[in-house]
Amino acid sequence: MQNQPFTYESRAQRVLFGAGTLAQAPAELERMGAHKALVLCTAPQRAQAEAVAALLGPRAAGIFDGAVMHVPMASAEAARAAAAQAGANALVAVGGGSTVGLAKAIALVSPLPVLAIPTTYAGSEMTPIYGLTENGLKRTGRDVRVLPRSVLYDPELTLALPVGLSVVSGINAIAHAAEGLYAADGNPVMGLMAAEGIAALGRALPALHAAPHDLHARSDALYGAWLCGLVLGSVSMALHHKLCHTLGGSFNLPHAELHTVVLPHVLAYNAKAAPHAMQRIAAALGTADAALGVHTLARRLGAPTALRDIGMREEDLDKACALALRDAYPNPRPIEAAPLRNLLQEAFEGAAPRPPNLSTTPTQQTTETTP
Ligand SMILES: NC(=O)c1ccc[n+]([C@@H]2O[C@H](COP(=O)([O-])OP(=O)(O)OC[C@H]3O[C@@H](n4cnc5c(N)ncnc54)[C@H](O)[C@@H]3O)[C@@H](O)[C@H]2O)c1
Ligand SMILES: O=C(O)CCC(=O)CC(=O)O
C-alpha cells in the first residue's frame, strides 16, 4: 500500500538495449545532429574505441584514450582541449564509469551532447552526477548538462570485462538500488526499478561467474545495471555512497571493490531503521537477510570482502571515520561516531555483517518510503 507523499521526476534520455545495438551508433549521432564526434576511452580499451571509431567512419573526429578513475582535473582539461582541437560537436564514451565521467567533465563546460556506450555495470551513463578530482579531493555534483543524451547498451561489449571486475561492478550497481530503496526522496517507480535491478544482478552475477561468455547472463546484468543506474541518478544516496566517496577519494581505494566490501556493513547498520527496504533487498536476492545476502553473494563469487584486502590501512580507520562524520546527510539511522567506527572495523576485517543492537530507539532522519 502506498501511503507516503512523493515526488517523481523523469528526464529525457534515449536508451537502446540489446546485443548488436552498437551498430546503431552512427544513426544515434545523426539523430543528435552530430557529424564530428570525439571517441573517449581508457588506454586499455583503445581497441574497443578504435572499432567504434571505424564504425562511425567520417563522423569520428578522433580518439582520446586518457580516461582514468575519478577524473583527475588534468585529464579533464586534456580531454576538453582535445575536443576543442578536433572541432568535435559530440562525444562518444566507450567504457565504464571512468570514461563516462570524462565525457561528463567535458559536457559540464561545453554544449557537446554525449552518446554513452557502457562496458561495465557502474551506471554512470544514467545519472546527471559528475565527479572531478583535484589536489587529492574528489568533488561530486549534479548537473543535467552532463546527462548522456543517448545510451547504447550492447551486452556483447561486456563479454571482455574480466569476471572479477564484472562481479564487483555488478555489486556497485546493487548498492545504488539498495540505497535507493531507503532514499529520503524515494518514490514508488524508483522502488520498482531498484527491486528489479537487484533481482536481475542477483541472478546474472552467479550466471556470468560460471560462464563469462554467456550472452544471456551478460544481457541480464546490463539490464540490472541500467535500472540501478537510473535509481542512482534519480534519488539521493546515503551513508553507503558517502562512505565510499570518502574512502575512495581519501585513501585511493578501487571503486567497485570498495562498494562491494562496504555495502553489507552499511545495510546491517541501517537494518533496523529501514526494515521495509531490507525486506525488498533480501527478497530480490532470494535471501532472508539483506546484509548477509550481499556479503554471501560477494564471498561466493570470489569478490573481496575486507577493506584490508583492497589497500586500506588499519591506522587510517579513525581518520576515515572522522571524515565521514564531517558533513551532515540523510540516512535512515543517525550517523554516530561509535557505531560508525565499529562498522569500519568490521568492514576492515571482512567479518560477516550483523545487524547492530541499537542501544536507543533510532530517530528516523529520513522517512522510509514504502514504494
Ligand atoms: N557519476 C556517476 O554517476 C558514477 C556512477 C558510478 C561510478 N562512477 C565513477 O566511475 C568510476 C568507476 O567506473 P567503473 O567501475 O565502471 O570502472 P572503470 O571505468 O574505471 O573501468 C575499470 C577498468 O576496466 C576496464 N574495462 C571497462 N570495461 C571493460 C570491458 N568491457 N572489457 C575490458 N576492460 C574493460 C577499464 O578500461 C578499466 O581499466 C569511478 O571513478 C566512479 O566514481 C560514477
Ligand atoms: O564519483 C562519481 O562520479 C559519483 C559516483 C557516484 O555517486 C556513484 C558511486 O559512488 O558509485
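Let's start with one residue: G293 lies in helix α11, residues 290–300. Helices here are DSSP runs of H or I with at least four residues, strands are runs of E with at least two, and both are numbered from the N terminus. At 7% relative accessibility, G293 counts as buried. Buried means under 20% relative accessible area, exposed means over 50%, and partly exposed is in between, with a 1.4 Å probe and protein chains only. G293 and V144 are 149 residues apart in sequence, and their C-alpha atoms are 34 Å apart in space.

A word on ground rules. This is a predicted model: local features need pLDDT of at least 70, side-chain atom pairs count only at pLDDT 80 or more, and totals for chains, interfaces and linings use all residues. Residues are numbered from 1 along each chain as its sequence is written, chains are lettered from A and ligands numbered from 1 in the order in which they are written, and side-chain values use heavy atoms, with hydrogens and water left out.

Now ligand 1. How many residues surround ligand 1? The count is 23, and the closest are T42, S98, T119, T120 and T127. A residue is near a molecule or strand if one of its heavy atoms lies within 4 Å of it.

Look at the polar contacts. The term covers a pair of N or O atoms within 3.5 Å; within protein, one must be able to donate a hydrogen and the other to accept it, and residues adjacent in sequence count only if both atoms are side-chain atoms. The side chain of S98 puts an N or O atom 2.5 Å from an oxygen atom of ligand 1. For T119, the side-chain N or O atom is 2.7 Å from a nitrogen atom of ligand 1. The side chain of H255 has an N or O atom 3.4 Å from an oxygen atom of ligand 1. On its own, ligand 1 has 870 Å² of accessible area, and the protein covers 85% of it. Those areas come from the Shrake-Rupley method with a 1.4 Å probe; for residues, only the protein chains shown count as cover.

What is the shell made of? By class, the shell around ligand 1 has nine nonpolar, twelve polar and two charged residues. Nonpolar means Ala, Val, Leu, Ile, Met, Phe, Trp, Tyr, Cys and Pro; charged means Asp, Glu, Lys and Arg; the others, Gly among them, are polar. Helix α4, residues 97–107, gives the largest share of this shell, three residues.

Where does ligand 1 lie? Domain 1 (14–158) and domain 2 (163–349) both give residues to its shell, so ligand 1 lies between them. The domain bounds come from an automatic or database domain assignment.

On to ligand 2. The residues around ligand 2 include Y130, K138, N172, H176, H241, H245, H255 and H259. N172 has a side-chain N or O atom 3.3 Å from an oxygen atom of ligand 2. H255 places a polar side-chain atom 3.0 Å from an oxygen atom of ligand 2. For H259, the side-chain N or O atom is 3.1 Å from an oxygen atom of ligand 2. The protein covers 84% of the 310 Å² of accessible area that ligand 2 has on its own. The elements that give two or more residues to this shell are β6 (129–134), β7 (137–142), α5, α8 (239–251) and α9 (255–270). The largest share, three residues, comes from β6. By class, the shell around ligand 2 has three nonpolar, eight polar and one charged residue. Domains 1 and 2 both give residues to the shell around ligand 2, so this ligand lies between them.

Back to α5. Helix α5 runs over residues 163–181, has 19 residues and reaches 27 Å from its first C-alpha to its last. That is close to the 27 Å expected at 1.5 Å a residue, where the expected span is 1.5 Å times one less than the number of residues. Of its 19 residues, 16 are buried, so α5 is largely enclosed by the rest of the structure.

Last stop: backbone angles. Most residues other than glycine have a negative phi. Phi of H70 is near 70 degrees, a positive value. Phi of V71 is near 45 degrees, also positive. H70 sits in the loop between β3 (60–64) and α3 (73–86), and V71 lies in the loop between β3 and α3. Buried or exposed? H70 is buried at 15% relative accessible area, and V71 is buried at 4%.
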